[in-house]
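Hi there,

Here is the structure I promised to pass on to you. Have a look at it first, and then read on for what turned up.

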Amino acid sequence: MRMRAVAEGTGVSVDLLHDSGRTALLFMLVAFVVTFVVTRVVVRLIRSGRGPFANVSVDGLHIHHLVPGIFVMLIASCAEFLLVPHGLVRDGLAAAFGMGAALTLDEFALWLHLDDVYWAQEGRKSVDAVVFVAGLGVLGLVASNPLAREPGEGTPFFVGFLVLNLLLALVAILKGRLLLGVGGVLVPFLALIALVRLARPGSVWFRTFYPPGSSKRARALRRAQRRGGMERVKGALSGVPTPSEATGRPPVEEGRQRAED
């Protein structure tokens, strides 16, 4: 279903295709996840010396895969702006952008630290960034528009709801729960989960409201040492050891060090 909206007094028209944005997001998300997984498999095979794959080098210069990723994103986004396509063409460009984003974010730690830390402990930040973005993509598929005002909804109620939701999202971010915080803007009251969870060590909330010697501080440090299912998945994807495995220090000492940092 096609709808045309014309901005009053400007003569500018905008075509709105029913569900086209959500379909493009789905293509982008699937391409993003698949490309990231395939990339990690390939680099692990290269590192172990198995398979037909090898690092790409030009005149002895190693070309990181974020380089083609950046160019793919630039080409896909420029084509989207210039052609303004619909249907499968738009979905294809969305998938291409997702592929480029995955190649680029897979080396997020490299362009964050300006150093080749892919297999170092800092390289785990790349996996964190990919999981964060993929999580936002999933939320975007199921989210309603929190800024849309329902028909007949009073202004005070709408403003109060919006302010409350944003405050909950802010608390989640201060607690170090970034996915819940940003996702809470997309999905109303999702950030409520952060209210009943402990703050992450090192977060603003942790440093401000969990003084040394408090029970909440001790519980948060203990909770940080539990390597849950998601942490095991991210560790397997990154191919680098956990902090305690890398340093040989006990888990509790690692938690205290992260809190001080």
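In which kind of crossing, left-handed or right-handed, does H6 pass H7? H6 passes H7 in a left-handed crossing; a crossing is left-handed if the near helix is turned anticlockwise from the far one by less than a right angle, and right-handed if clockwise.

Before going further, please keep in mind that this is a predicted model, where local features need pLDDT of at least 70 and side-chain atom pairs count only at pLDDT 80 or more, while totals for chains, interfaces and linings use all residues. Residues are numbered from 1 along each chain as its sequence is written, and side-chain values use heavy atoms, with hydrogens and water left out.

**H6 and H7**

Helices here are DSSP runs (H or I, at least four residues), numbered from the N terminus. The axes of helix H6 (residues 155-174) and H7 come within 7 Å and cross at roughly 165°. Such axes are lines fitted to C-alpha atoms over the stretch in contact, with angles from 0 to 180 degrees between N-to-C directions. That angle makes H6 roughly antiparallel to H7 (over 145 degrees; under 35 counts as roughly parallel). On the H6 side, the contact (heavy atoms within 4.5 Å) is made by Asn-165, Leu-166, Ala-169, Ala-172 and Ile-173, and on the H7 side by Leu-178, Leu-180, Gly-181, Gly-184 and Val-185. These residues divide into seven nonpolar, three polar and no charged. Ala, Val, Leu, Ile, Met, Phe, Trp, Tyr, Cys and Pro count as nonpolar, Asp, Glu, Lys and Arg as charged, and the others, Gly among them, as polar.

**H5 and H7**

Helix H5 (residues 124-142) also meets helix H7 (residues 178-186): their axes come within 10 Å and cross at roughly 25°. That makes H5 roughly parallel to H7. H5 passes H7 in a right-handed crossing. Among the H5 residues in this contact are Phe-132 and Leu-136, and H7 brings Val-182 and Leu-186, among others.

**H2 and H3**

Helix H2 (residues 66-83) and helix H3 (residues 87-105) pack at about 155°, with their axes 7 Å apart. H2 and H3 are therefore roughly antiparallel to each other. H2 passes H3 in a left-handed crossing. The residues of this contact comprise 11 nonpolar, four polar and two charged.

**A pocket to look at**

The lining of the second largest pocket has 10 nonpolar, five polar and three charged residues. Helix H1 (residues 20-48) gives the most to this lining, with five residues. A pocket is an open set of points on a 1 Å grid over the protein atoms alone, where a 1.4 Å probe fits, with protein on both sides within 12 Å along at least five of seven lines; lining residues have an atom within 4 Å of a point.

Happy exploring!

Note on methods: Helices (H or I, at least four residues) and strands (E, at least two) are DSSP runs, numbered from the N terminus. Angles under 35 degrees count as roughly parallel, over 145 as roughly antiparallel, 65 to 115 as roughly perpendicular and the rest as oblique.
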